[in-house]
Structure formats: C-alpha cells, structure tokens
Amino acid sequence: MKIFIDFDDVILNTKKFKEDLFGVFSAYGISREEYENSYYDPNDKQPIKTHDIEDQIRRLRKNNFFDEKSLRKDLENFFTKNTSHYVFSDVFDFAASHKNDEMCVLTFGNKVFQEKKITNSKIREHIANIIITDKKKAAALKEKLGNKKFLPGEKFFFIDDRTEQLRNVKQEFPDIITIFIKRPEGRFQEMTKNEYCDFEVHNLREAEEIIKSLTK
Ligand SMILES: [Mg+2]
C-alpha cells in the first residue's frame, strides 16, 4: 500500500498557524486586511498560490513603516520554535497505523517556507518521507514513481483538501484512490467533492476506516 498525504490543512492546522503568524505582524501595526492582502503575490495567477514570507514583507514595506530588523527576528523565532502543537491530533494514530506502509507527505508550496514549517512541526518523527513541490502534484508523483511497477492489487491512496490537486492526480493516475478531506478546521470550506474524489472524509480517522475497508 502506498499513501500520499497533503500537509497544509490535512496534517497541520494551517488556519491556526496563519492566524498566529498574523499575530507577529500585528505587533508591528499591520492590520488584518493588510496582512491578508499581502499574503499572496497579486500577480500570481496560479489556481493554488504559494506563500513567500520575504515577498510578503516586501509588499508590506511599500505602504508601512516598521522596524524590519526586529520583525524579521520575531518571524525567525516564530518559525524556529516547535510548532508541533499545530499538528492535528489524529495524525499520530494514522501515521502509526501505516508505519509499515509506504507513506509520504506530498506538499505544494514555496520550498524554503514549506521546509521550515515541516521541520518545526516535527512531523518527520512520524512520517519520514516528505516531498515539497512547487509544481503540480501529479508531476511530482510521476517523478517519484517513475516507471516503477505497482504490485498486482496494490492500493494507492492520495489524500488532499484541494479539489484541483485531487482532479489533477486522478486524471494522471486513474487507479489512485483519491480521498478528499474536508476538516471543519480547514481553510477551504467552499470546496466540494467532485467526480475526481472517490471519497470525502472529515478527519483522518474516517480516512483510516476507508483505507481499512479497501485493503483487508
Ligand atoms: Mg492542503
């Protein structure tokens, strides 16, 4: 069995993480509106955007005066402290149930920023394999799997909270079982299950039930 699982809003409570990151900016007089408006590059036309903190600081600097050196120090502290408390509690049981399976975190985003988030979340202690990509996930999967033959009857799961990613992967790999996870704590409540999602779950306990029922 192979399981590829997304990071943001699936493993990490990214909504809470992003909220606390706002707290750092807010101490420097940045309003919520300014924070939200500067979070992504307004010229980034990708359907799923990547966040780059350096670019965000640059954008904020245009209209704001703040002690940049001090802000950077506070951000560095925020990013280097242990952020494992943002990891959803059901991740640990899920990872433990699959310690003998091929499990890999497949996450999309800015590589530097994502690497920091992942390292400080301590998730590597539970899931050793991590792929960070700034390309489509299907492309990253192709790269990872290459021409590797699947064992007959081997099940392959892909768990994500973004329907574009699920669609993209399902189109490239029709045999992959796609699980759309919509946590109540997730940032994208407007997303709805489509024909490319084989299942919809609300947490990893429900995902585990599906995996179990399909692999016994
Ligand atoms: Mg996600």
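## Helix contact and parallel sheet

The axes of helix 2 (residues 32-39) and helix 3 (residues 53-63) approach within 9 Å and cross at roughly 130°. This is a predicted model, in which local features need pLDDT of at least 70 and side-chain atom pairs count only at pLDDT 80 or more, while totals for chains, interfaces and linings use all residues. Residues are numbered from 1 along each chain as its sequence is written. Helices (H or I, at least four residues) and strands (E, at least two) are DSSP runs numbered from the N terminus. Axes are lines fitted to C-alpha atoms, for helices over the stretch in contact, and angles run from 0 to 180 degrees between N-to-C directions.

Helix 2 and helix 3 are therefore oblique to each other; angles under 35 degrees count as roughly parallel, over 145 as roughly antiparallel, 65 to 115 as roughly perpendicular and the rest as oblique. The table lists the residues in contact (C-beta atoms, placed from the backbone, within 7 Å).

| Helix | Contact residues |
|---|---|
| Helix 2 | Glu 34, Ser 38, Tyr 39 |
| Helix 3 | Gln 56, Arg 59, Leu 60 |

Strand 4 (residues 156-160) and strand 5 (residues 177-181) run parallel and are joined by 4 bridges. Ile 159 stands opposite Ile 179 in strand 5.

Conventions. Contact = placed C-beta atoms within 7 Å. Pairing = 2+ DSSP bridges.
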